[in-house]
Amino acid sequence: MRHDDPLQRSSRSVPAGFAYGHPDFPLVRHGIAIVAKPLTDLLAVTFGPAAILPPLLQPIPGVDEAYIYGSWAARHAHQTRPPPRDIDVLVVGSPDEDELYDAARAAERLLGREVNISRISPTSWHADQGDPFVMSLRSRPLLIQNRRTS
């Protein structure tokens with residue numbers, strides 16, 4: 001066997017501890033598999049908000065419904081737009097503002113984009129008319145993120 005051919009090397013030529021993240025050949029850094037990190041980052045930026053936001057918002061008491069709106073929702077609905085610089089989220093309910101802020105910052109760290117959360121009461125959201133903000137939102141794409149069934 002030729003030892004200069006990397007495809008034909010014996011397992012003895014692999015540095016000790018390689019499978020466990022040898023310092024010269026780290027496979028895991030801070031609990032994240034860096035081999036898959038570029039793909040994970042690409043997926044988080046491309047599909048991320050729909051996957052990242054629900055688990056951050058669902059545990060917060062008072063979140064009845066949550067929607068992504070704005071440029072991210074428009075692109076998801078196949079409307080031609082420039083790449084979104086931020087993610088706009090509407091939360092219907094009466095959650096604590098500090099908890100929403102913490103969820104937004106956690107989402108920002110994972111997505112690498114600014115996350116803006118607006119809060120509205122269920123009465124205002126479900127009213128037939130009146131609020132120009134609500135009417136504008138309803139006329140554009142919305143990505144449903146959360147609905148309480150209880």
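A salt bridge is taken here as a side-chain nitrogen of Lys or Arg within 4 Å of a carboxyl oxygen of Asp or Glu. By this rule the count comes to 2 salt bridges. The structure is a predicted model, in which local features need pLDDT of at least 70 and side-chain atom pairs count only at pLDDT 80 or more, while totals for chains, interfaces and linings use all residues. Residues are numbered from 1 along each chain as its sequence is written, and side-chain values use heavy atoms, with hydrogens and water left out.

The secondary structure of the chain comes to 5 helices and 6 strands, where helices (H or I, at least four residues) and strands (E, at least two) are DSSP runs numbered from the N terminus. Read from the N terminus on, the elements follow the order β-β-α-β-α-β-α-β-α-α-β. Among contacts (heavy atoms within 4.5 Å) with a separation of 6 or more, residues 24 or more positions apart account for 67%. The chain has 150 residues, and 30% of them count as buried; buried means under 20% relative accessible area, exposed over 50%, and partly exposed in between (1.4 Å probe, protein chains only).

Turning to the interior, a nonpolar core is a set of buried Ala, Val, Leu, Ile, Met, Phe, Trp, Tyr and Cys residues joined through side-chain atoms within 4.5 Å. The largest such core holds 19 residues, of which Leu53, Leu57, Ile68, Ile87, Val89 and Val115 touch the most other members. Two or more residues each come from α1 (37–57), β3 (63–69), α2 (71–76), β4 (86–93) and α3 (97–111), and α3 gives the most, with 5 residues. A second, separate core of 8 residues includes Tyr69, Leu90, Val134 and Leu137.

Glu65 is placed in strand β3 and, at 10% relative accessibility, counts as buried. The side chain of Glu65 makes a polar contact with that of His126 at 2.9 Å; a polar contact is a pair of N or O atoms within 3.5 Å, where within protein one must be able to donate a hydrogen and the other to accept it, and residues adjacent in sequence count only if both atoms are side-chain atoms.

As for the salt bridges, one joins the side chains of Arg119 and Glu97 (2.9 Å, N to O). This pair links distant parts of the chain, with Arg119 in strand β5 (residues 114–120) and Glu97 in helix α3, 22 residues apart. Arg119 is partly exposed at 40% relative accessible area, whereas Glu97, at 53%, counts as exposed. Glu108 forms a salt bridge with Arg105, with the closest N and O atoms 2.7 Å apart. Both residues of the Glu108 and Arg105 pair lie in helix α3, 3 residues apart, about one turn of the helix, and Arg105 counts as partly exposed at 21% relative accessibility.

Most residues other than glycine have a negative phi. His78, a residue other than glycine, has a positive phi near 65°. His78 lies in the loop between α2 and β4 and counts as exposed at 74% relative accessibility.
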